[in-house]
Amino acid sequence: MNRIAMFVTGAFAAGLMAAPAAHAEGVKPPMTVIKSPWCGCCTAWVEIAETAGYTVKIVHREDFVPLKRQHGVPDDLAACHTVLVDQYVVEGHVPLEAVDRLLSERPEIRGIAVAGMPAGSPGMGDHGDAYDVVTFQPGTVEGSTVWMSVPAH
């Protein structure tokens, strides 16, 4: 069994990851967004997710470090909000197209992330520089790959 399969099997057994839910064709799984109660850009991201058809549960937290570590978010990729959807973690201002692709393709990764808060990313305004959405494994950026590149606009 490879390392990823061992992690996934162990994570399910430890209750760190929910088993992938079966969803009817075209029905998007619910997501939980953990964010600060004071963050307007995170609220804007939630509104974009809801407009895209996701049902969103919001959990307000002030201290994110333990939560991000619990869910395997590498420190180098930490952003202002963390999303849990099916067995994946979506960190930061990730475009919903990338989330949809993640849930459709279901790769053996822990999650995807947009580090920081790039201008022009969902919730961060309409105009900005190019940025990448990257994959990650629990707690490390080693082995990360570019999942999606977003051009400047």
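1. Basis. This is a predicted model, in which local features need pLDDT of at least 70 and side-chain atom pairs count only at pLDDT 80 or more, while totals for chains, interfaces and linings use all residues. Residues are numbered from 1 along each chain as its sequence is written, and side-chain values use heavy atoms, with hydrogens and water left out.

2. Salt bridges. The structure holds five salt bridges, a salt bridge being a side-chain nitrogen of Lys or Arg within 4 Å of a carboxyl oxygen of Asp or Glu.

3. K28 and D100. These two side chains form a salt bridge, with 3.4 Å from N to O. The pair joins distant parts of the chain: K28 is in the loop between α1 (3-14) and β1 (31-35), D100 is in helix α4 (residues 96-105), and 72 residues separate them. Helices (H or I, at least four residues) and strands (E, at least two) are DSSP runs, numbered from the N terminus. K28 has a relative accessible area of 26% and is partly exposed; D100, at 28%, is partly exposed. On this scale buried means under 20% relative accessible area, exposed over 50%, and partly exposed in between (1.4 Å probe, protein chains only).

4. E91 and K68. In this salt bridge the closest N and O atoms are 2.5 Å apart. E91 belongs to strand β4 (residues 88-91) and K68 to helix α3 (residues 65-70), so the pair links distant parts of the chain, 23 residues apart. Both E91 and K68 are buried.

5. D86 and R106. The side chains of D86 and R106 form a salt bridge at 3.2 Å, N to O. D86 sits in the loop between β3 (82-85) and β4, and R106 in the loop between α4 and β5 (111-113), so the pair ties together parts that are 20 residues apart in sequence. D86 counts as buried because its relative accessibility is 17%. R106, at 28% relative accessibility, counts as partly exposed.

6. Backbone of the D86 and R106 pair. Most residues other than glycine have a negative phi. D86 has a positive phi of about 50 degrees although it is not a glycine. For R106, phi is near 50 degrees, again a positive value in a residue other than glycine. A reader may wish to look at D86 in the loop between β3 and β4 and at R106 in the loop between α4 and β5.

7. H81. Is H81 buried or exposed? With 0% relative accessibility, H81 counts as buried; its place is in the loop between α3 and β3. Leaving aside residues up to four places away in sequence, H81 touches V33, I34, K35, C42, W45, F64, K68, V90, E91, G92 and H93, where contact means heavy atoms within 4.5 Å. That list includes K68 and E91, the salt-bridge partners of point 4.

8. T43. This residue is in helix α2 (residues 40-51) and is partly exposed, at a relative accessible area of 31%. A polar atom of the T43 side chain lies 3.1 Å from the backbone oxygen of C39. T43 and H81 are 38 residues apart in sequence, and their C-alpha atoms are 9.7 Å apart in space.

9. Rings. R101 lies over the face of W147, 3.7 Å from the ring centre; a charge sits over a ring if NZ of Lys or CZ of Arg is within 6 Å of the ring centre and within 35 degrees of the ring normal.

Key
A polar contact is a pair of N or O atoms within 3.5 Å; within protein, one must be able to donate a hydrogen and the other to accept it, and residues adjacent in sequence count only if both atoms are side-chain atoms.
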